[in-house]
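I opened these entries to keep a record of what I looked up, item by item, with the cut-offs noted beside each term.

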Amino acid sequence: MRFLYSHRNLTQGEIFLQRFFEVLPGLASWTLILGLVALSIWMPLVASIAVIAFMLAWILRLFYMTIFLFLSYSRLTIEKDTDWLARVRGMDQFDDYLAEIQKKSKAKNVHQRISRWAHAKDLERLKKLNALPPHSSEIFHLVVIPVVKEEASVVEANVRSIANNKELARQTVIALAVEARAQQPVKDGMARIAEVYRERFMAFLIEEHPDGLPGEARVKGANTSYAARAAAKYFETRKIPFEHVIVSCFDADTVVGPDYFACLTYGFMNCPNRQRASFQPIPVFHNNIWEVPGFARVVETGSSFFQLIETTDPERLVTFSSHSMSFKALVDVGYWPADMISEDSGIFWKAYLHFDGQYQVVPLPTTLSMDIVDAGSWWGTVGSLYKQKKRWAWGVENFPLVMRGFLANKKIPFYDKLRHGYKLFEGHVTWAALPFLLTFVGWLPGISAGNEFSSTVLYYSASRFTQAIFGLSSLALCGTIIMSLWLLPKKKKRFSLLWTLVHGLEWFLVPFILVFLSAMPALDAQTRLMFNKRMEFWVSDKRRN
Amino acid sequence: MKILRKVLFYFFFALYLVLCPLIILYAFGYILTPKVQEGFVKTGLVHIETLPANASLMIGNRRYTEKTPAIIRNLLAGDYDVRLSVRGYRPWVRKVQVEPGKAANFEKVLLLPQRLKVKTLITSSFKSLLPVPGTRYLILGGSDLVGNVKVFDWKNESVRPLLPEGSSFTSAKLIRVFTAPESSWVLFQVKGPEGILFLGCSLDKDKPDVKDLSALFSQGEPREIAWEGGHPDYLFALYDQDLSRMDLEKMTVLPTFLEKIRGFGLFKGKVYALKGASLARLNFNAKPGDEAVVEKGVFLENLFQGNGKFKIDFISNKAICFRGERGELFSNALPYRFVDEGVEGYQADAGGRKVVLWQKERLGVLDFEKPERKKEFFERGPEIEWVVEKGQHIRQAYFVYEGAYVLFCDKDEVFLSRLGEREIPAEGLVAVRENSAIFYSEKTGKLYYLEPSRGELVAADILPEGITFSGMMSEIEKETQGVVK
């Protein structure tokens, strides 16, 4: 379906719908918070019942999510030693390879046996669907890296990590998307990187994106789209079909492992409907994790965990941050949204609507690493993190567009619209309201109780129940702490035991973080959207020692 | 994964559907009991907090392992005997009615020792004790002579004579002591060979510092003298219907600062006066005639009928009390007229939220901030909760344990009564010297009084030793305001 995935150039009716859906998430969040505050004051009995019902739902959900966090982490662990390149090459001789894989595994390692079993199932599915992939030598990668003010060292680490994907680097085109407004030293730095690494790739493009092109805002999507268009010309010139190109949009600070592109290629080949799919790795924030304040470490590890949990539900998974997709699909949908800040999730919704719901995100069992925001000082980092989270939470700008798209699109099944719409709405409202409800409002009926209510059994039960819930949640927190320790890169320092303890204790900052660096920026973003005060793209402060 | 996700989702969803109503029912007090035919019954609970904590708890015939503070849940409706006990303390026994879905709440239960711990502070014999409101000083009179007056600092437990050695006022006879809230400056009216004298004295000076201010009182003996602050600039003296202003620095008197008034009070640098049936206000340093009428109207005319005199007390920013010469007690809060006659004194709590007031035989508490009862046909204000109704001669009262108890002196015996338990007799604590005053400090948790037989100054621990409400020093000391009327 042709749908203008933008809040601009709308008809009067579309403007009304757009504004209605822009107001809805913020209104819901504020209503939840203030409504429960009001209930606590005027109808504490009703508020207490609501708090109990809400807290119970939250704790069950927490346990439910923790299970999937462990499952997702297990998946990562299982595939940790997988030789993706061997699988990619193996799939080039599909039938022989399938027969070999179907033989009983001799591996003693349980992980390897599970991985091999899952791999065999995937291959059988491909065969059954007659969706055999192209030969791996015919699959190319395009990596678009937007640059506006990033230091050369940050981008160089990114490019170097891609170059380290040895065999596949030769099938990779790097497109550095540099904003024309970037300062000369930044541009010079990019030119130097191109000079150093050009030989290691199929091609190395530097595309300078002019400011103020019609229909564009000063956002990352405009820059990356401009570079992708230039790359499209490159592929056209060489007669490389877009169907055989996987485009990856990497944040400038992204660092991938040496088998990342092998895993991505495998994911692409293994996906039956690979032209209607995005590929989402697990973003971790390990590049500078030991150089930032503890709270920032917790914030970003939390983000990784959230993404880990999300990947267990591919039916509702949405692209986030650095991601990959079929280049054909990207071209068909008209590239990334050029007037949205949240182009990472925006491109999924754009494609989902364009392909009438026949579009999915395939989780990749691999990680890529990015920088944690670091402004150089404790308070500076707090401020920068707040801004970054607000930018992420600005993803709520997708909601009105998606809802308008759903109303306009008659081909997407109603159930799918409901499922996606609900998740998008609930996800944002929960993000903004839940920590406030948990941290403050849950206690309000007890605190603001008058004599009448404070002499009821419910008054005592509600506070006891809230305490019990927090006790139980600490169990989930303990699980999270353990997993964060597993996931962390080793610290290159002595006294690692001490650091392990310190990092474990850092997790007790969660209540503060949830309110001030998660809920508050989200509520801020939703309130801005409610009042039509659009955000400007803000590049996070990142530095590398 | 998809199937697992669905299975787990439905499992957790089903768990929620089952648990949520069960927990809510439990939260309301419902339990499933095999002893009762109905199966599900709605229970109540008892919540008890004591000082000292860790009291053993017995409800009905059951001894609980929980120690106070404790919440005992799942009690079937009915009457229970609740008994608290701590070794060395008097047992606390109450009959408690447990209602379904309700909590019987006993917060701030003060357990009294079997024998109060009493410490002698000064072995000399005294006849009278006068707390200086809002300060740490007690004025102790050994005889009628000023030379025998001692000043006791209860915070440091130190004593010194009021007059310096060799003072010419030593042999003067003490007639009256004027004090003001939170002022360590005190005015003594004495009778010397030269006649009536007025001596001002700062009690907080290291050395006794007495100044003769008799020259300011050439008009005679005022009915009332008031001032504001620890080192006042002005004194205000009421002579019949005229208020004089005395400038302590210039030693001058403005005899007609306010004329034809029925009473006055001071608050934050302003004099408030009842003139006829209207309330006037003017600054301490204002000129006569500058007064502004703050409030007047028919309702004030109805309230302040006649020509009776009133004393105005600012209990807090919001609450003002008017005490009439016949013992009337009015307030600016609904229903304005609280007691028509016989109020002998009152004492505000630390926050100025409530006052304990007493007549000769009755003692009650007026809570200005008690929430209004809803769904009443008529709008109502606070009401006096009478705690004691059969006293002999109640003379003084203090709030104890953050306002949960009232300690009062009836005739020459001190009692303690818990608010809200009118039917329970007050507990007798100690006997005091005939007609002497008492003082209670929440800061130290001690009752200061004169021992009945020898007249020694002693202190009895009312709160357990070591338990004080720190950070409330100034607030608590205010409780001494207006004790002796």
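I looked for salt bridges between chain B and chain A, taking a side-chain nitrogen of Lys or Arg within 4 Å of a carboxyl oxygen of Asp or Glu, and the count is 1. The side chains of B:R5 and A:D313 meet in this way, at 3.7 Å from N to O. I then looked up residue pairs in polar contact between chain B and chain A, with both residues at pLDDT 80 or more, and found 9. The term stands for a pair of N or O atoms within 3.5 Å, where within protein one must be able to donate a hydrogen and the other to accept it, and residues adjacent in sequence count only if both atoms are side-chain atoms.

**Where the touching side of chain B comes from.** Four elements of chain B, namely α1 (2-27), β3 (44-51), β6 (70-75) and β9 (103-110), each supply at least two residues of the side that touches chain A; helices (H or I, at least four residues) and strands (E, at least two) are DSSP runs, numbered from the N terminus. The largest share, 14 residues, comes from α1(B). By residue class, I noted 18 nonpolar, 6 polar and 4 charged on this side of chain B, with Ala, Val, Leu, Ile, Met, Phe, Trp, Tyr, Cys and Pro as nonpolar, Asp, Glu, Lys and Arg as charged, and the others, Gly among them, as polar.

**Conventions.** This is a predicted model, in which local features need pLDDT of at least 70 and side-chain atom pairs count only at pLDDT 80 or more, while totals for chains, interfaces and linings use all residues. Residues are numbered from 1 along each chain as its sequence is written, chains are lettered from A and ligands numbered from 1 in the order in which they are written, and side-chain values use heavy atoms, with hydrogens and water left out.

**Extent of the interface.** With contact meaning heavy atoms within 4.5 Å, 28 residues of chain B are in contact with 27 residues of chain A. The buried area, which is the accessible area (1.4 Å probe) that two parts lose on being put together, summed over both, is about 2500 Å² between chain B and chain A, and carbon and sulfur atoms give 70% of that.

**One residue of chain B.** I also looked up B:V365, which lies in strand β33 (residues 363-367) of chain B. B:V365 has a relative accessible area of 3% and is buried, a label for values under 20% (1.4 Å probe, protein chains only). Leaving out residues up to four places away in sequence, B:V365 touches several residues, including B:V356, B:I384, B:F399 and B:L419.

Notes. Buried < 20%, exposed > 50% of the residue type's maximum accessible area, 1.4 Å probe, protein only.
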